[in-house]
Amino acid sequence: GVSANGVGMAYPLYLHNLMQSEGGNNTDWISPQNPSWVPNYNSANWQARVSALLNALAAHINTASSSGKKYSDALGVVSIGLMGSWAEWNFSNLVGNVAAEFPAGRIPTFAAGKALIDAYINAFPNNPLVIPHAAFDRQQLQNVWTDPQTGWYALTASNKWGKIGITRMNWGLTEGYISQWAENNVFTYNGLRFDTAIMNRYKYAPLTGEVAGYNAAVGGAPFWDLPRQVTFYHASSFGNGNYYGEQNISLQGRDNIRAAWRASGYRLVLETGTITSTLSGGMPFAISLNWKNLGVAPVYENWNVTYELRNASNVAVWSGVSSFTPKLFLPSSAATTVTDNFTLPANVAQGTYNMVLIVRDPSGYRQPLPLAINGRNADGSYLLKNITVGIASNQPPVANAGAAQTVTL
């Protein structure tokens, strides 16, 4: 990156100059452990430029397109970074666990943490957000210096999409740190217990992250604890770019990674259901389906569960959207019955049809959502039942008295 006074930095030189111009405790500073410039997260200039950067990035994503597809439709979770080493909200290799290693006034305050979270909320109001797990460290465990109130704010704040999820750095690492900030995190702020809120977070927002790139074999084969962690903490996904090449991992380690991938996320199952096999135009009917999520996390995305009545040419002559919304449908071994009531239009011709189910992306960007069952057709649909549409019956009569007449008495 650009350097100042012969010391490297990972942000623009003009921003360094702006922070230096503030003077006092508002300037950026040089790490005592790894000679490099460190932003002053309490600086008004830093916060303003971060907000401007995120807004500009969001504006580009929301307006740019490729091959007729908007970038915004391809955007999944957005990680709340820009704090600490590797944007992971810790200060590894910059300072240790000694507050004195920070120059006066440089430890990030709650106001700084809140400003950063709010900048992401404002720039990406409609996307799921995740924040690195170190935000919940409370300045007590490792070299994390986030104000404890900031963790509370991350657990209570929301954008239009919903609550903020968590991105776990170093999935699979077995040094015990993960349990310290998660299920054993007994810190309480404003009546909110961190352990309860963190362990229930999967019900409202995704848990993502990356696998450990080092020391992941403590206690057994490489990544031996990864499948359990993914299941226990309800991880929706994790990346594959942090370990040092597949060729450096044993076969058993690779199997553990694959097992964790298989365990992560959702598994939507359509178990059983009921629907009539005969219909007629203008006739009301119901479709009842029994749904399960046999995965460890919800889908977290907007999908439309749609029914279509298709003719012999596979053309839909009628469609209806189910009230079932997979977005936050929680894992459970028990089925949830969803009943939808419709009325077949009177103009549907007599004949034999297929009633199919297809789970579509409302934006039209993604292919239909696969279910964890057999029977998926090439277009992503699933056949529910063969339907016979007969002559409309029990229709109210239409009165016709003929042309108007004039009678003279």
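## Asn290 and its surroundings

Leaving aside neighbours within four places in sequence, Asn290 is in contact (heavy atoms within 4.5 Å) with Val269, Leu270, Glu271, Thr272, Gly273, Ala335, Thr336 and Thr337. Asn290 belongs to strand 15, which covers residues 284-293; helices (H or I, at least four residues) and strands (E, at least two) are DSSP runs, numbered from the N terminus. Its side chain makes a polar contact with the side chain of Thr337, at 2.5 Å. A polar contact is a pair of N or O atoms within 3.5 Å; within protein, one must be able to donate a hydrogen and the other to accept it, and residues adjacent in sequence count only if both atoms are side-chain atoms. Asn290 counts as buried because its relative accessibility is 16%; buried means under 20% relative accessible area, exposed over 50%, and partly exposed in between, with a 1.4 Å probe and protein chains only.

The model is predicted: local features need pLDDT of at least 70, side-chain atom pairs count only at pLDDT 80 or more, and totals for chains, interfaces and linings use all residues. Residues are numbered from 1 along each chain as its sequence is written, and side-chain values use heavy atoms, with hydrogens and water left out.

## Leu13 in helix 1

Leu13 is placed in helix 1. With 33% relative accessibility, Leu13 counts as partly exposed. Not counting residues up to four places away in sequence, Leu13 touches Val2, Ser3 and Ala4. Leu13 and Asn200 are 187 residues apart in sequence, and their C-alpha atoms are 42 Å apart in space.

## Nonpolar cores

A nonpolar core is a set of buried Ala, Val, Leu, Ile, Met, Phe, Trp, Tyr and Cys residues joined through side-chain atoms within 4.5 Å. The largest core has 73 residues, of which Ile80, Trp89, Ile117, Phe124, Ile131 and Leu226 touch the most other members. Helix 4 (residues 110-123) gives the most to this core, with 8 residues. Apart from this core lies another of 29 residues, among them Trp303, Val305, Leu371 and Ile387.

On a 1 Å grid over the protein atoms alone, a pocket is an open set of points with protein on both sides within 12 Å along at least five of seven lines, whereas a cavity is a set where a 1.4 Å probe fits but cannot get out; lining residues have an atom within 4 Å of a point. Grid points are joined across faces, edges and corners, and a volume is the space filled by probe spheres set on the points. The largest pocket holds about 660 Å³ of space. It is lined by 28 residues, the closest to its centre being Leu75, Gly76, Asn126, Asn127 and Pro128. Helix 3 (residues 71-74) gives the most to this lining, with 3 residues.

The second largest pocket has a volume of about 500 Å³. Among its 26 lining residues, Ala10, Tyr11, Pro39, Tyr41 and Gly84 lie nearest the centre. Helix 2 gives the most to this lining, with 4 residues.

## The cavity

The structure holds 1 cavity of 30 Å³ or more. About 50 Å³ of space lies in the largest cavity, and its lining includes Ile166, Trp181, Arg201 and Tyr233.
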